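Me: I'm new to this one and would like to find my way around. Can you put it up and talk me through it?

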Amino acid sequence: MKKILLALITFSLLSISFVYSVLAIEKDSARADSLADSLPNIQIADTTDEHFIKTLGVSNFDICVVAIGDDFQSALETTVLLKDYGAPFILARANSEIHR
């Protein structure tokens, strides 16, 4: 089974087929609670925390998705940390032309 890591932070809508093993990470506890029914494996954490990313073992995930809303700095830091810790494939969401 493929393993997927989602770095959500301010991501509001999510639709995932559960053919995959998914670990979601959300910074906002209220939002995490609201997603808990759809995503049974969700953690509350800051994905810009290097120690936290290190403990995830991101090299064991098939894909890491960075879907951070309007905080470009957090999206960039999260993407760099995932790359530094061996994520094999990173899909990062772009919100504007400058992000592309």
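Reply: Let's start with a term: buried means under 20% relative accessible area, exposed means over 50%, and partly exposed is in between, using a 1.4 Å probe and protein chains only. Keep in mind that this is a predicted model, where local features need pLDDT of at least 70, side-chain atom pairs count only at pLDDT 80 or more, and totals for chains, interfaces and linings use all residues. Residues are numbered from 1 along each chain as its sequence is written, and side-chain values use heavy atoms, with hydrogens and water left out.

Me: Is Pro88 buried or exposed, then?
Reply: Look in the loop between H3 and E5, where Pro88 sits. Helices (H or I, at least four residues) and strands (E, at least two) are DSSP runs, numbered from the N terminus. Pro88 has 54% relative accessibility, so it counts as exposed.

Me: Which residue has its C-alpha atom 6.1 Å from that of Pro88?
Reply: Contact here means heavy atoms within 4.5 Å. Not counting residues up to four places away in sequence, Pro88 touches Val58, Ser59, Phe61 and Asp62. The one with its C-alpha atom 6.1 Å away lies 29 residues apart from Pro88 along the chain, and that is Ser59.

Me: How much of the chain counts as buried?
Reply: The accessible surface comes to about 6,000 Å², of which 51% belongs to carbon and sulfur atoms. Those areas come from the Shrake-Rupley method with a 1.4 Å probe, and for residues only the protein chains shown count as cover. Of the 100 residues, the buried share is 36%.

Me: Why is strand E2 described as largely enclosed by the rest of the structure?
Reply: E2 covers residues 21-26, six residues in total. It is largely enclosed because the number of its residues that are buried is five of the six.

Me: Which residue in E3 is the bridge partner of Ile25?
Reply: Two strands pair if DSSP finds at least two bridges between them. E2 and E3 run parallel and are joined by three bridges. Across from Ile25, the partner in E3 is Gln43.

Me: Which side chain does the side chain of Thr47 make a polar contact with?
Reply: Thr47 sits in the loop between strand E3 (42-44) and helix H2 (50-56), and at 0% relative accessibility it counts as buried. A polar contact is a pair of N or O atoms within 3.5 Å; within protein, one must be able to donate a hydrogen and the other to accept it, and residues adjacent in sequence count only if both atoms are side-chain atoms. At 2.7 Å, the partner is the side chain of Thr78.

Me: Is Phe52 buried or exposed?
Reply: Phe52 is in helix H2. Leaving out residues up to four places away in sequence, it touches Ile25, Gln43, Ala45 and Asp46. Its relative accessible area is 14%, so Phe52 is buried.

Me: And Lys54, buried or exposed?
Reply: Lys54 is found in helix H2 too. Its relative accessible area is 54%, so Lys54 is exposed.

Me: Which residue in E5 stands opposite Val66?
Reply: Both faces of E4 are covered, with Ile63 and Val65 buried on one side and Cys64 and Val66 buried on the other. E4 pairs with strand E5 (residues 90-92) in the parallel sense over three bridges. Opposite Val66 stands Ala92.
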